[in-house]
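I went through one structure and kept notes on what I looked up. The entries follow in the order I made them.

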Amino acid sequence: MSFKVLFTLATLAVAAVAAPSQRASCSKGRTAQHAQCCKWFDVLDDIQEHLFDGGECGEETHESLRLTFHDAIGFSFSHPLTGGGGADGSIMAHAQIETNYHANNGVDEIVEAQRPFAIKHGVSFGDFIQFAGAVGVSNCAGGPRLQFLAGRSNFSLPAPDKTVPEPSDSPDAIFKRMGDAGFSPNEVVDLLASHSVAAQDHVDESIPGTPFDSTPSSFDAQFFVETLLKGTLFPGNGSHDGEVQSPLAGEFRLQSDFAIARDPRTACEWQSFITDHTSMVKKFEKVMAKLAVLGHIPALLTDCSEVIPTPKAAKVKTAELPAGKTKKDIEAACRATPFPAIPTAPGPATSIPPVPPS
């Protein structure tokens, strides 16, 4: 074979490797790297309009993000055969069992709101739960763009009780449970960035929709500042199991958040996010990618992350002290680094309205 022919064949081979792969054609003129991802664009359109009220960062977003955790954390390295299947949709498939666990109080509402969409589009419950959480939080300004891998089976067994930590649990108990699922104490803090767009409904049922920080529709670091403020009041009808005093009218504080913010193992990770929104988002994306594949082999799933919308930019990238508060109100706990200098919001003392129902 002549050198010219060899050169031509080699050139063609290189061109074949370098040529971009053909993208699959999806609905509404959209394309995807993998044809299996096309159906998720249709799911996206449906849930943005009919579950998330046109793409809002509201109650359904908060509850959908919560559900990703409550489904996936049913997993145990120490008891691999009986500790649950991880992010497998069991909380939806076996709702009559799992939603009756004390730690899952209230998740039945979002389970039943989501179920018809999964059935309508013919996708597994495990896939849908993680997809809805990723889409929902993308509606929050400053939020993450979470990875989404599709292809989970629709077979599952009920996760056992006591796999979901409760707000009344001590940091030791929470870190032990989360460690058995593969998460370090600092990764627990990273996951708790979800509380920046969260609210309580059932710890104190007299005040549903009470947020954990003053900006529940923005994925920002206000939660990490406000959890370090001295508590002065109960926003509802007194103290409840898993609740401690809040620093602001209309804001709710979980006992577990209060304790982890001040625990020497996690206090510095907690404080670090106050002035580093980028780090908070990146670490949340990383730890959520880990959570979403508990019980699965990621290489066997299909990466459909391109379907997840890109969130709007953060309104403010550095947190601030709420109006009416000063640095003297901060109970700083990180011994390695002083509490950062941050601005104080102007105006009268902060009071926070509840998150409105959908």
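This is a predicted model: local features need pLDDT of at least 70, side-chain atom pairs count only at pLDDT 80 or more; totals for chains, interfaces and linings use all residues.

**Entry 1**

Cys26 sits in the loop between β1 (24–25) and β2 (31–32), while Cys38 belongs to helix α2 (residues 38–50), and twelve residues separate them. Cys26 has a relative accessible area of 12%, so I marked Cys26 as buried too. I then checked the torsion about the S-S bond of Cys26 and Cys38: it is about -65°, so this disulfide is left-handed.

How many disulfides does the structure hold? I found four.

I took Cys57 and Cys140 next, a disulfide with its sulfur atoms 2.0 Å apart. The S-S torsion here is 80°, and the link of Cys57 and Cys140 is right-handed. Cys57 is in the loop between α2 and α3 (59–72) and Cys140 in the loop between α7 (125–138) and β3 (149–150), so this pair ties together parts 83 residues apart in sequence. I noted both Cys57 and Cys140 as buried.

Cys268 and Cys334 form another disulfide, with 2.1 Å between the sulfur atoms. Its torsion is about 90°, so I recorded the disulfide of Cys268 and Cys334 as right-handed. Cys268 is in helix α12 and Cys334 in the segment after β8, so the pair ties together parts 66 residues apart in sequence. Are the two cysteines buried or partly exposed? Cys268 has a relative accessible area of 33%, so I put it down as partly exposed. Cys334 has 9% relative accessibility and therefore counts as buried.

I also wrote down the pairing: with the bonded cysteines of the chain numbered in sequence order, it reads 1-3, 2-7, 4-5, 6-8.

**Entry 2: nonpolar core and aromatic pairs**

I looked up the largest nonpolar core and found 86 residues in it. Which residues have the most contacts inside this core? They are Ile47, Phe131 and Phe224. Helix α7 supplies the largest share of this core, eight residues.

Neighbours within four places in sequence aside, Phe224 is in contact with Val189, Leu192, Ala193, Trp270, Phe273, Ile274 and Met280. Its relative accessibility is 0%, so Phe224 counts as buried.

I then searched the whole structure for aromatic pairs and got ten. One of them is Phe117 with Phe128, which is stacked, at 6.3 Å centre to centre and 5° between the planes. Phe117 is in helix α6 (residues 107–121) and Phe128 in helix α7, eleven residues apart, and the pair links distant parts of the chain. I noted Phe117 and Phe128 as both buried.

Phe223 and Phe224 make an edge-to-face pair, with 5.2 Å between centres and 75° between planes. Phe223 is at 1% relative accessibility, so I counted Phe223 as buried. Phe223 and Phe224 also belong to one aromatic cluster with Trp270 and Phe273.

The charged end of Arg115 sits over the ring of Phe125, 5.7 Å from the centre. Lys290 lies over the face of Phe183, 4.9 Å from the ring centre.

**Entry 3: helix α11**

I listed the buried residues of helix α11 (residues 255–262): Ser256, Asp257, Ile260, Ala261 and Arg262. What do they pack against? I found α8 (171–180), α9 (185–191), α10 (222–226), β7 (253–254) and α12 (267–272).

**Entry 4: Ser305**

I ended on Ser305, which lies in the segment after β8 (302–303). Its relative accessible area is 17%; the limit for buried is under 20%, so Ser305 is buried. What does its side chain reach? I found the backbone nitrogen of Phe148 at 3.0 Å. The side chain of Ser305 also makes a polar contact with the side chain of Asp303, at 2.5 Å. Not counting residues up to four places away in sequence, Ser305 touches Arg145, Gln147 and Phe148.

How values were computed. Residues are numbered from 1 along each chain as its sequence is written. Side-chain values use heavy atoms; hydrogens and water are left out. Buried means under 20% relative accessible area, exposed over 50%, partly exposed in between (1.4 Å probe, protein chains only). Helices (H or I, at least four residues) and strands (E, at least two) are DSSP runs, numbered from the N terminus. Contact means heavy atoms within 4.5 Å. A polar contact is a pair of N or O atoms within 3.5 Å; within protein, one must be able to donate a hydrogen and the other to accept it, and residues adjacent in sequence count only if both atoms are side-chain atoms. A disulfide is a pair of cysteine sulfur atoms within 2.5 Å. A nonpolar core is a set of buried Ala, Val, Leu, Ile, Met, Phe, Trp, Tyr and Cys residues joined through side-chain atoms within 4.5 Å. Rings of Phe, Tyr and Trp (its six-membered ring) pair if their centres lie within 6.5 Å; planes under 30 degrees apart count as stacked, over 60 as edge-to-face and the rest as tilted. A charge sits over a ring if NZ of Lys or CZ of Arg is within 6 Å of the ring centre and within 35 degrees of the ring normal.
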